[in-house]
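Hi,

Here's the structure I said I'd pass along.

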Amino acid sequence: MKKRIHLKKRKKISIFWIIIILITFIFIIGMASNKIKKTSQSYANNEIKKTISKVITESIKENLNEENIFNIEKNNEDITSIDIDTKKTNTILVNINNTIQKKIDSIENTIIFKMPLFAPTNNIFIANIGPKIPIKFKTIGNVLSNIRTEVKNYGINNALITAYIDIKIECQVILPLNQENIEINQNNVVAMKVIQGKIPNYYIPTN
């Protein structure tokens, strides 16, 4: 009878440790899975940002011409006002937005690339190991763009005026088991001009 009781106790202890090991194993796997999911999502977000940034840059190059978008009014040799040609800039913005939207529509909801499971680790030995995770995206809302100017001092009595197009795109990055909304903002120089003023009498250039 004593041997049977002893065997029963051993069985109970063995089952207890098996349960503890299983729980610990599941816990570790869960933590590892969450970490991989977060790093994979972050990696995918960065790759989609690169893809869309390339689309924006290409669209601006295709629609930007060499026209002067600045209107400068002078009184004799003195500059009285500087403003942006609204008609030209509005046309440029509309064309850029349309081109961006067409390019995005052509690749939206398709597999942009397949990411190896361990690619986010950046470890040269395992970065290309593991199943390939398909990465997709879809836009949320329309492409938003705006033009702004910035004026800086440039030498003696001169000013450098720069026109930027700011573009904002919101999209959703889609992984098989997760998705996340991101915002892409890109500032692009579209025109620069140096405005020359009068040189003061006391300024003497030196060689």
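Predicted model: local features only at pLDDT ≥ 70, side-chain atom pairs only at ≥ 80, totals over all residues.

Residues are numbered from 1 along each chain as its sequence is written, and side-chain values use heavy atoms, with hydrogens and water left out.

Taking a salt bridge as a side-chain nitrogen of Lys or Arg within 4 Å of a carboxyl oxygen of Asp or Glu, the count comes to seven. Glu58, Glu62 and Lys103 are linked in a network of them. Glu62 pairs with Lys103 at 3.1 Å between the closest N and O atoms; Glu62 sits in helix 1 and Lys103 in helix 2, 41 residues apart. (Helices are DSSP runs of H or I with at least four residues, strands are E runs of at least two, both numbered from the N terminus.) Glu58 reaches Lys103 at 3.9 Å. Glu58 is also in helix 1, so this pair ties together parts 45 residues apart in sequence.

On accessibility (buried is under 20% relative accessible area, exposed over 50%, partly exposed in between, with a 1.4 Å probe and protein chains only), Glu62 is exposed at 52%, while Lys103 is partly exposed at 23%.

Thr89, in helix 2 (residues 86–107), is buried at 4%. Leaving out residues up to four places away in sequence, Thr89 touches Ile69, Ile84 and Ile147 (contact means heavy atoms within 4.5 Å).

Cheers
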